[in-house]
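Please keep the sequence and the structure in view while reading.

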Amino acid sequence: MNMNHPMQESSNMNELKDYGWNEYWENAFTQVSGNSIGGKSGSGVSLEPARVVAQFTNRYRIMTDAGEYAAEVSGKFQFQAASRSEFPAVGDWVAVQSLPGEQRAIIHSILPRRSAMIRRAAGNVPEEQVIGTNIDTLFIVNALNGDYNVRKIERYLIAAWESGATPVVLLTKADLCTDTERRVAEVEAAAPGVPVHAVSALENEGRESLSPYMLQGRTIAVTGSSGVGKSTLLNWLAGGDLQRVQGIREDDARGRHTTTHRELFPLPGGVIMMDTPGMRELQLWEADDGWQEAFSDIEAIAETCRFRDCRHQAEQGCAVKEALRSGALDERRYESYKKTGRELAHQARKEQSVSKRQKKSADKRIEARTSYVKHKLDID
Ligand SMILES: Nc1nc2c(ncn2[C@@H]2O[C@H](COP(=O)(O)OP(=O)(O)OP(=O)(O)O)[C@@H](O)[C@H]2O)c(=O)[nH]1
Ligand SMILES: [Mg+2]
Ligand SMILES: [Zn+2]
């Protein structure tokens with residue numbers, strides 16, 4: 001054993017503890033690396049655990065127990081990854097080979113994710129993009145000014161429920177709003193089972209309502225459009241300026257992104273927060289379960305329709321139609337339910353046709369190879 005190696009002190013993983021390292025991850029690491037910390041993997045490489053703190057295309061910043069390193073994935077990893085979502089993302093726990101003299105490390109594998117927030121990447125080819133992983137609580141942020149939009153919150157909730165993280169809706173800039181209570185109630189009606197809190201970082205209001213989430217070792221990710229106050233929220237909760245925020249005069253500059261990459265920050269008290277760049281639009285990716293969960297109230301009403309296969313159109317005894325008539329179900333919410341449902345179905349069809357095309361060309365390759373082999377061996 002090389003006693004000079006910083007990772008040999010496995011009982012003292014202080015740096016990593018600040019990033020949420022615990023027994024669960026220690027076990028997961030042992031499984032993946034096939035050995036204990038500082039031990040050798042099957043290929044003889046000495047592996048250590050680390051957490052991905054920030055990502056810049058193919059380069060990562062990771063936290064190891066010896067401090068922060070720059071990292072890239074190994075050649076084998078790159079070769080074996082079938083899609084972009086299989087590459088490390090911010091929040092991932094990884095097994096790395098560190099090159100201490102260079103403050104650099106090679107990522108060999110990712111420990112199985114406990115949660116993953118995924119959206120459809122921009123572009124024509126359906127492809128998933130991982131926003132963040134191993135998130136315990138997801139703060140869905142909407143500001144109580146021009147940005148306020150219940151339908152947008154519903155979209156985030158679909159992705160959040162699908163991710164495995166527990167969603168919480170935060171309505172920021174409460175100081176700019178005169179009917180906060182009505183809006184909180186409105187969002188609560190569109191977010192069954194989800195806590196909704198109004199806060200103002202500017203006026204230091206509503207902070208205590210967030211304390212149930214600020215738990216030692218927990219990871220909270222903050223998502224929402226640009227300018228809603230995500231980084232301001234982080235700084236406020238951290239009690240210091242960790243992130244740059246938009247200048248006052250830029251406040252209404254739409255499309256201006258102040259935060260440009262995702263990053264983890266350990267806060268005093270032990271919670272770990274992930275700041276993210278604002279999203280112009282959250283494009284949904286495969287999320288049937290998340291969709292059902294986000295609209296569980298409508299699903300519950302539909303269960304009481306007279307016919308099990310009711311399409312809520314002209315059927316007799318349709319509970320959904322009745323709820324819309326009585327006002328128990330908001331028309332706009334029902335529209336949003338149908339629209340997002342159609343969107344998910346359309347996207348699933350697109351993915352299917354792409355995978356069919358991919359399968360076809362794979363079949364062709366196999367066919368070509370087989371006939372080549374047959375030709376070589378002169379058989380039929
Ligand atoms: N009135 C008011 N303004 C706020 C509050 N919180 C944030 N702001 C302002 O909103 C603007 C945007 O804040 P940021 O924290 O940079 O927003 P962001 O969501 O991080 O934006 P991106 O990084 O671009 O995604 C800044 O000018 C803040 O000062 C608040 O509670 N009240
Ligand atoms: Mg920001
Ligand atoms: Zn019905």
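Ser 200 touches Ala 174, Asp 175, Glu 205 and Trp 236, where a contact means heavy atoms within 4.5 Å and residues up to four places away in sequence are not counted. The model is predicted, so that local features need pLDDT of at least 70 and side-chain atom pairs count only at pLDDT 80 or more, while totals for chains, interfaces and linings use all residues. Residues are numbered from 1 along each chain as its sequence is written, ligands are numbered from 1 in the order in which they are written, and side-chain values use heavy atoms, with hydrogens and water left out.

**Ser 200**

- Ser 200 lies in the loop between strand S10 (196-198) and strand S11 (219-224), strands being DSSP runs of E with at least two residues, numbered from the N terminus.
- Ser 200 has a relative accessible area of 0% and is therefore buried, a term that means under 20% with a 1.4 Å probe and protein chains only.
- The side chains of Ser 200 and Asp 175 are joined by a polar contact of 2.7 Å, that is, a pair of N or O atoms within 3.5 Å, of which, within protein, one must be able to donate a hydrogen and the other to accept it, and residues adjacent in sequence count only if both atoms are side-chain atoms.
- A polar atom of the Ser 200 side chain also lies 3.0 Å from the backbone nitrogen of Glu 203.

**Ligand 1**

- Ligand 1 is surrounded by 24 residues, and Asp 175 is among the closest.
- An oxygen atom of ligand 1 lies 2.9 Å from a backbone N or O atom of Gly 278.

How values were computed
Near = heavy atom within 4 Å. Helix = DSSP H or I, 4+ residues; strand = E, 2+ residues; numbered from the N terminus. Buried < 20%, exposed > 50% of the residue type's maximum accessible area, 1.4 Å probe, protein only.
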